[in-house]
Amino acid sequence: MTAIPRAILAIDAGAATTAVAILGRLGGRWRLVGSLVGPAPVDPDDLASTLVARVRAADPGLADAIGLDPAAIEDLPRLEAHSSPPVSLGVLAASRRAVGLLTGVAERTSWRVVPASPESHDPREMTDLALRPEISALLVGASEPPGPDERAAIDDIAGLVAAVLRRRPELRVVVAGPIASRRSWADGLGEGFAQAAERILEAPPLGARSGPDEALREILEGLLPGAADTRHTAMRTLVSLADVLDRRIELIEIGFDGGLRAVAAPGVADDGPSAEGVRSAGGALVQPEPDEAAAEEVLAWTTGSLDRHRMGDRLRDLRSRPWADASGEGARLRLAAARAAMTRLVDVTPDLSARPAPDLTLVAGGAFAGAPGGSIVLAVADVVRRTGATQVALDHARLLGPLGTIDDPDDRRDLVADVADDLLSPLGSLVIAAGMPPRLRGRAATGTITLGAADGRDGNGGGGATGTKRELATGELAILDLAPGTQAEAILEFRDSARIGRRARRFSVPVSGGIAGVMVDLRDVPLRLPERRDRRRAALATWGEQVWPGDDR
Amino acid sequence: MTAEPRPGIELVPPRRLLVAPVDVFFDLHPGDRALVADGDTIPVETPLADRLRDPRTAVVAGTARGDDAGEPGDRWSPAPGRRGQEREGERPGELLFRSGGRWRIGTGDHAEPLLAPFGGTVHEVRPGIGLRLRSGGRALVGVETLAGPTSGRLSIVTGPDGEVRAPQVDVSAAGAILVAGARIDAEALTRARAVGVRGVVVAGLGVKERRDFLASERRGRAAVHGLPPFAILVLDGAAGRPIASPVMDILRALEGRTVAIVVEPPCLVVDDPTVDLPRPPADLVWVRSGPLVGAEGRWAGLAGPRRFPGGVVLEAGFVRFGDRPPVAVPLGDLERFV
């Protein structure tokens, strides 16, 4: 019989930072005892040893009760997730259209995509691309039957990929469409056909206007060594969390090498909880080779006076030492880069954007570590422009990944049920309204918001700022204080109708308090920023000064 | 004797100064021709490969070896009798793939030799992909190498926080690898290239200088006579910051000796195992970013979580700069040398 451990060490080893957390079993349930984040090059055991020593110094009785000893870190049971290093996928097809369709699917995976077609590369350049050691797999595809734009070069592509397969025995190839039926394919593989067969995976062919999204993504994700990858395991924890809390939860994770956007829903009737998500290398905080376009994307969210070259310098340094320069202007740069990354992630997940606002938006990833809570909620509000009300919380101890390494869903659910309250750091509530008549822009008293007690009675019950009434103007970003842990009901009344999930003049939405309070966003949906840089910076600064500490502006 | 540093220094990100042995990858592209084989032991400046300067695709009817079907990656040479008919394939090349019964080859009119920047043993020769050269020497690690590889005599032309400008580069530096301090501008790089400098070691290279240099390289490579070997080793990143003293001490110890700059991994290779390279004290920490960038001090212990500008709470450590009281610095902004 195996004894139940009294403490567990959870490790989320990211590419930029490593987070360690101690879970202790106290009074028959698991609790988060403490967590610590350090630069990625630091040994997680050294971080854990420091954390355990702090717990022991703060509460020796607690440390004894759960058996914590700084000298015996290696004896602790571990839940360890890590960010897998990024890998590149060469995407080849016989026309620019076909490459575009394949790229559209591949960008919704954790692969970094390198596309090429005969319209952009000559055969030697395409061979060169496919032979590069950093290309770990190839995706080659064609329509069934091949389109007019593909017929001229499809044999060349088939022969090229077959030849590369012979030259690189470690390479895997995903074939989507009638490539393998071409004679040049069989000629190219020659006598090595049997040996190469196990490295070739078949996927459905391309359509005229779309790629085989779900099936192809599954194959591509299956090629990645992702068993303990944080963005894979976090999805499993998300399902357990939705089940435990009985809430629809959206997870937005921005990491150093990729991002994850997922929506989980609790089970209904006989159906268990479920999740749907997209991992994308495009959601990385900074791309490996930040170019001028990347600098412009981040500059669009900054209020400082950096020019494109200096911004490029900052991004290259952020890429090379992502754990450094995380305070002051560096913190603002990170949040600007995180907005740019979220924008890329949202762009490749229109299916998730089309869903109603979730009950809870969970933000995760090293990009948000240590940032002021209000600035995180504002970053989400700036990019995920969906009307409705949602609570926003942060995975502050970075437990989503490690907890997801528990294979048994029942065991995982039990642990998540115990630590759910500790796992989520409430940042506040976000209410996004749209659809007010443009003629009311900038005028006071477009509407009002009143915070009442959660049970429906007016007054000051429950603490925080319940009973608060505030006027709202179209285009405004309003923040109302509501203490963490406080539940309230927000009554929003508009002079004309507005849209908060549905169209009406009066809305009643439940809100929860947090570090950022309740943020009511009446800006455009989607957000339209001024074209002129000085005006755009002024608008961003006006919104930002409500959430960044005043002494640092 | 060096005293043991205070506890907690293990949470400061380590920076590895030297690696040994050195295993360097030289990339080859379709059409390039390897001149060495697995297991060859070669001295410095041995030609490793012929690299095409003007690579292109050509279509040829078949291999020159009669009934031999040919393998992708094999060399292709025109049979004497075919001259005149196979105008596109007159130059030798590398078989890429076959389609419609004809081979596509990678070929070009002009090649330049890739010379070994240090001596060692060749392994993993893969046509069209690359080869590896292993040396028993040591290497000082940087973050990026542009162009290269190259080798030359190391010469220090400015201090660790200096900046090199074009007038400071003259013909007396021909054949040398210059240590250029914190920054170097694009004009100085162009002049260094022009007077025959073989390479530059610099702490930071901004994206503007990087872009200008790479554009100049492309133009030079496309020119008829090509370019002599040249490389830039960037030690720290894009923003200008002084070269850390442990790195500078090593560079000073190497001044006047022949060293090499290679691309993958980006490093400065010291092929002479007899050189005594200094090591820094174990408790020395360097501030690589933040308001105190470039400062060096002694580790004075963990400071715990601290609130820093921007309202950000970060793990910090105490650092003693000179005789002043210890200052709390975010752990992520520090580096120690191992």
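Is Ala269(A) buried or exposed? Ala269(A) is exposed, with 4 other C-beta atoms within 10 Å. A residue is called buried if 20 or more other C-beta atoms lie within 10 Å of its own, exposed if 12 or fewer, and partly exposed in between, with C-beta atoms placed from the backbone.

## Model and numbering

This is a predicted model, in which local features need pLDDT of at least 70 and side-chain atom pairs count only at pLDDT 80 or more, while totals for chains, interfaces and linings use all residues. Residues are numbered from 1 along each chain as its sequence is written, and chains are lettered from A and ligands numbered from 1 in the order in which they are written.

## Backbone features

Ala269(A) has a phi near 50°, a positive value in a residue other than glycine. Ala269(A) lies in the loop between strand S11 (259-265) and strand S12 (274-280) of chain A. Helices (H or I, at least four residues) and strands (E, at least two) are DSSP runs, numbered from the N terminus. Glu124(B) also has a positive phi, near 55°, but Glu124(B) is found in strand S12 of chain B. Glu124(B) counts as partly exposed, with 13 C-beta neighbours inside 10 Å.

One joins Val525(A) and Pro526(A), with omega about -5°; Pro526(A) sits in the loop between strand S21 (518-521) and helix H17 (533-544) of chain A. Another joins Gly148(B) and Pro149(B), with omega about 5°. Pro149(B) belongs to the loop between S15 and strand S16 (150-156) of chain B.

## Sheets of chain B

Nine strands of chain B form an open sheet with mixed pairing, in the order S2-S14-S23-S22-S16-S18-S20-S21-S15. Strand S2 (18-19) and strand S15 (144-147) of chain B are at the edges; each has a single partner strand, so one side of each is left without a neighbour in the sheet. Two strands pair if DSSP finds at least two bridges between them. Strand S20 (residues 199-204) and strand S21 (residues 231-237) of chain B run parallel and are joined by five bridges, and Gly199(B) stands opposite Ala231(B) in S21(B).

Chain B also has an open sheet of four strands, in the order S3-S13-S12-S5, with antiparallel pairing. Strand S3 (22-27) and strand S5 (41-42) of chain B are its edge strands, each with a single partner, so one side of each has no neighbour in the sheet. Four bridges link the antiparallel strands S12 (residues 120-126) and S13 (residues 130-135) of chain B. Here Thr121(B) stands opposite Arg134(B) in S13(B).

## Nonpolar core

The largest nonpolar core has 268 residues, of which Leu102(A), Val161(A), Leu238(A) and Val380(A) touch the most other members. Helix H12 (residues 329-347) of chain A gives this core its largest share, eleven residues. Such a core is a set of buried Ala, Val, Leu, Ile, Met, Phe, Trp, Tyr and Cys residues joined through C-beta atoms within 7 Å.

Not counting residues up to four places away in sequence, Val380(A) touches Ile252(A), Thr361(A), Val363(A), Val392(A) and Leu430(A). Contact is defined by C-beta atoms, placed from the backbone, that lie within 7 Å.

## Interface between the chains

44 residues of chain B are in contact with 49 residues of chain A. On the side of chain B that touches chain A, at least two residues each come from strand S7 (56-60), strand S9 (93-99), strand S10 (102-107), helix H2 (207-222) and strand S26 (312-320) of chain B.

By class, this side of chain B has 20 nonpolar, 16 polar and eight charged residues. Ala, Val, Leu, Ile, Met, Phe, Trp, Tyr, Cys and Pro count as nonpolar, Asp, Glu, Lys and Arg as charged, and the others, Gly among them, as polar.

Methods
Two residues are in contact if their C-beta atoms, placed from the backbone, lie within 7 Å.
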